[in-house]
Amino acid sequence: MKISYTLNGRARTDEVDPARPLTEYLRAQGCLSVKRGCETSNCGLCTVLVDGRPVLSCTTLTARINGKSVLTLEGLEDRAAEIGGYLAAQGAEQCGFCSPGLIMNIIAMTDELTDPTEDEIREYLAGNLCRCTGYVSQLRAIRQYLADRKEAEQA
Amino acid sequence: MFTTQQYVVASSLDEAYALNQKPRATVLGGCGWLKMGRRAIGTAIDLSALGLDRIEEFDDRFELGAMVTLRQIETSEALAAAFGPCLRESVRHIVGVQFRNCATIGGSIWGRFGFSDPLTCLTALGASVRLHHAGLVPLSEFIRMDYDRDLLVAVVLPKAGQRAVYLTHRATQTDFPVLAAAVCRRADGTYCAAVGARPQRAALVEDTEGLLAGGVTDASARAFADFAADRLTFSSNLRGSAEFRRHLCRVLVRRAAIQLEEGQA
Amino acid sequence: MKHRYVGRAVPKSDARALTTGKPVYTDDIAPAGCLIVKVLRSPHAHALIEDINTDIAKKVPGIACVLTWKDVPQHRFTMAGQTFPEPSPYDRLILDRRVRFVGDAVAIVAGETEEAVDRALRLVKVKYEVLEPVLDPHTAKDNPILVHPESDWVANCPVGADNKRNLCASGQDGHGDIEAVLATCDVVLERTYHTKANQQAMMETFRTFTQLDAYGRLNVISSTQVPFHVRRILSIALGIPKSKIRVVKPRLGGGFGAKQTVVTEIYPAIVTMKTGRPAKIIYTRYESQIASSPRHEMEVTVRIGAMRDGTIRGIDLYTLSNTGAFGEHGPTTVGLSGHKPIPLYSANQEAYRFRYDVVYTNVMSAGAYRGYGATQGTFAVESIVGELADVLGIDPVELRLKNLTREGQIMPAYYGETANACALDRCVTRVREMIGWDEKVKPRVMPDGKIRAVGMAMAMQGSGISNVDVGSVIIRLSDDGTYNMLIGCTDMGTGCDTILAQMAADCLDCRMEQIAVYASDTDVAPYDSGSYASATTYVTGMACVRACTELREKIVRAGAKHLLLTPDEVEFDGARVYALSDETRAVTLADIAYGAQCGCTEALSATVSHSSPVSPPPFMAGACEIEVDPETGHVELLDYVAAVDCGTPINPALARVQTEGGLVQGIGMALYEDVVYSDKGVDLSNSFMQYKIPSRLDIGKIRVVFESSYEKTGPFGAKSIGEIVINTPSPAIADAVARATGVRVRTLPITAEKIVMGMQEKA
């Protein structure tokens, strides 16, 4: 099936296997930040943005990005590095395997929610599993990131 | 993962319905469940291009298109205004935001999964499904039907002044429920309860004895919860025993009825 | 003494690459064109392969090879990543005629594409003689059905193993006359506690790719904690010399002990050896759940004897450990179930006895998981101390303070080692304050009927395996005055590459950026046992300190020579060597380095291997506050506090995250995680949908503090931290639940159903 879509800002047309999971398709396009951690939609490692919304690329069929805009961490390196800096300051990236999916969803959350509470942060990111950190260092990092961002906006 | 021989983005409901009459055809929802199987699908029918991704409000009802995501339901202000927090409560525990941006209400309801949260809540609220061939079918009936080759177009939710409280017990916050219960009070003052994850599909229990007719008190709520627990079947799986589920049914139905009375709906 | 880097929360050196999604993990760097390798798995818990036909499977287009038991070397080995000779029995073949659990390997299929391999897998025709399995560990010992009846089964170490009795190990040790001591105690309690198999569930599943290099050597790139052990195990399994094998570890997506077993490496390795082609295996989460290396299920029976005043005089402990189908880590994990918790109470201990059996059964083989047996034993001992406190009517904190091991005391049950650095008492006092123990020890019923209560537990672990673990460091001066440090330990996200650079920078008085760390490649790095047993910071860290010290001496000598002085007439400040008599008379480090490239006979490098005769335990205390819904049994964790004595925390941020992460894994073990089998031996916990690890909504507040002691044998006073942190949640939460509901849950996990049913039974 032929699809046209935008990948990290660049328009593309490709002949694809429509029912192939987007995770594998994107990795084959060189977007190796996209990781797979399970087969049951539970881990959140494969999170990418489709038309700005965070989705599980493992659950999204390649056909369904037709006409849409797809963003992976490769297209968001500056924002990833900024958020990554906050995570690293806490040691909260640890093995890093879940970091791309988490950072994608932090970006989505930042774009969708204004001034989220701690409970809202937890709920928004609940679909991003992490086995190394126990999550609390991530929460510290995210709160600091959001606080600094707010301060910068107000300044 | 499933395989497909043919992938068709349907251009009309009639086309989708016709394609679905083929022996190995399957209508695609959000694919969250389908992808875990290894089905060899002949024709995969994608409804993405039919404009079914909208929550539409009418004077007497809401219509949730089959491709509306669970996340849309979660964040819909119109639904919250009409029914309170129960619908949001029925989806917000499901895995995570990214999953709920994928999963569709059509797929969730068509699957009639035993563990389904929205199926339980919507059944209590008196929703129907609009099937392309069979037309409007109440959920309470639909959940007893076998899978056929019809096409789920929308979930129709009447605006009839009904209010519900939805409660679950889960091991972890994003797990399937061990038991799900919704209690609904209709405008005419009658009550019903839907109980899901027994672990069988949600089932509806009407307050046929009028146990709550004289008002919800601790005693009447308890009586209704026991009535529901005694009428339903429960069984055991990884998440809990039949006995524990029956116990939870008594607790959750009672609490839901009381919370309904307290106006937490 | 203040250091520039040690004791500071330095970000990990690989943070930028990891957080921007750079391709640094095994699958990211595998070459295109790798054969895809998959394993056909047994549907039966116990069977003999009567016949296996691969003719049709081999004809599938794109299939490169289909291997069965007939195609592999017939000498047994163990997949346990342990120092040679491994205590784990040699009980495996790459593929065996006898399959021993649902999921055991039956055939290896390799092909050009996943589709072709999947098709071929379906076309391998296997005829099984289905045998009755041994599924209950209680009936495994001396069961007429043997998991390993084969005559070539061999145990290389005297671990009390006997394959004709389904015994992977057995034994006992002790100190004093336990029966005599218990006979004269006022109170003797006996209880049995049961911990279940748990999955490490690191986010990156098991994975390996292999290829031949220009010299025809087998290159193995693998997500492993133990590159040197992988090299040896492959050499034994494949029957090729170690010189023909090179193992490289890229970035790891977590390990927690799972990757201390050679779970996947052998499959692509044999495919590459047979075909000459690059080959890759990526385990699915399903495979990682059903055919991997989870925690040993253990049933621990404890007898504890005390006087009315709370003096704990003796502990008698028996562990029945279930190693599953193979013996990986079976003989060693069980030891920790006694040797780690019993010595927590050395103060008044007159006697202890520790007995154990490790049995084979027809479920997936267990392996190494953070805590390594100590976790299981700690649940038992800390739970029974809680129960003892109830029986004696003594506050459990007071009971612990009366009996816990204090600095300077000898721990008979810990190989007679002395607690030279021990802040356990301070840890207990600290968490008591933090959780508000004294105000909250009486459970409180909230207005909504929920009950709040607190619970506490202590733990210890080791720092490496004494006299066994080896850590090595090569450090050398580069020509511009920077350093290259080569290490064989394996950073699996823990940050040891960074931590060791922190130490080296402080030892060499330089900036961390001047130290390039490379790990871990068996061709290049010096031998290291690997990163497990809480060894890296303590053992490899000391090797780092010693190597840097040695290199410093060489730099001083070279600098002195340059200045035409003797070494004791100069000083090295990290940037230059200068004359003590005249600081302006100096030579820069870069000049020394460049000088060493010209007519030099002494390499400016140092190689040090370190091993420790002791394994100083880190200590900790954890306390929690929970809220139980007595009607549904739901337990909400409100607050978990931990005070850890890991000696000097080299990097407090990373030590804190280790602690928080370990606590949450422990919380998962306590409340949610359970590997469940059907009555046919099918693993039902086969995905993240059915095996629920905690999400960020399932934990409450977590607060960590450090109560540091100073361990003289460790680098900068450090002990370990990696494992101990998982040990306290299960007993602390069980204790709080007992206090809130009167129900003492002795079989993990502590589910709502167990609480509710327990309360109904009591009512």
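**Entry 1: before anything else.** I note that this is a predicted model.

**Entry 2: the sheet in chain A.** I started with the strand order. Chain A has an open sheet of five strands, ordered β2-β1-β5-β3-β4, and its pairing is mixed. I looked for the edges: β2 (10-15) and β4 of chain A each have a single partner strand, so one side of each has no neighbour in the sheet. From one strand to the next, the twist averages 40 degrees.

Which pairs did I check? For the parallel sense I took β1 (residues 2-7) and β5 (residues 69-71) of chain A, which pair over two bridges. There A:T6 sits opposite A:S69 of β5(A). For the antiparallel sense I took β3 (residues 47-50) and β4 (residues 53-56) of chain A, paired over four bridges. A:V50 faces A:R53 in β4(A).

I then zoomed in on the turn. The hairpin of β3(A) and β4(A) has two residues between the strands, and A:D51 takes a positive phi near 50 degrees. I also found helix α3 (residues 99-112) of chain A lying across β3 and β4 of that chain, at about 35 degrees to β3(A).

**Entry 3: the sheet in chain B.** Chain B has an open sheet of five strands too, in the order β4-β5-β8-β6-β7, with antiparallel pairing. The edges here are β4 (55-57) and β7 (135-138) of chain B; each has a single partner strand, so one side of each is left without a neighbour in the sheet. Ignoring direction, neighbouring strands are turned by 25 degrees against each other on average. I followed β6 (residues 128-131) of chain B to β7(B): they are antiparallel, over four bridges. B:S128 is opposite B:P138 in β7(B).

**Entry 4: a helix in chain C.** Which residues of α19(C) are buried? In this helix (residues 752-762) I got C:A752, C:E753, C:I755 and C:V756. They cover an arc of only 165 degrees around the axis, which puts them on the same side of α19(C). On the other side of α19(C), C:E761 and C:K762 are exposed.

I wanted to know what the buried residues pack against. From chain B, the partners are β9 (163-170) and α10 (242-261); from chain C, they are β27 (619-628), β28 (635-645) and α18 (729-741).

**Entry 5: the core.** The largest nonpolar core has 396 residues. Those with the most contacts inside it are B:A181, B:A182, B:V183, B:V253, C:A504 and C:V737. Helix α15 (residues 536-562) of chain C gives the largest share of this core, 12 residues. Leaving out residues up to four places away in sequence, C:V737 touches C:I626, C:V628, C:V635, C:V743, C:V745, C:I750 and C:I755. C:I755 had already turned up among the buried residues of α19(C).

**Entry 6: chain C against chain A.** How many residues does each chain put into the contact? I count 42 from chain C and 42 from chain A. On the side of chain C that touches chain A, the elements giving two or more residues are α1 (15-19), α8 (285-290) and α17 (652-671) of chain C. The largest share of that side, eight residues, is from α17(C). By type, the residues of the chain C side are 22 nonpolar, 11 polar and nine charged.

Definitions and conventions: Residues numbered from 1 in each chain as written. Chains lettered and ligands numbered in written order. Predicted model: local features only at pLDDT ≥ 70, side-chain atom pairs only at ≥ 80, totals over all residues. Pairing = 2+ DSSP bridges. Buried ≥ 20, exposed ≤ 12 C-beta atoms within 10 Å, placed from the backbone. Arc of directions from axis to C-beta. Contact = placed C-beta atoms within 7 Å. Core = buried A, V, L, I, M, F, W, Y, C linked by C-beta atoms within 7 Å. Axes fitted to C-alpha atoms, helices over the stretch in contact; angles between N-to-C directions. Nonpolar A, V, L, I, M, F, W, Y, C, P; charged D, E, K, R; others polar.
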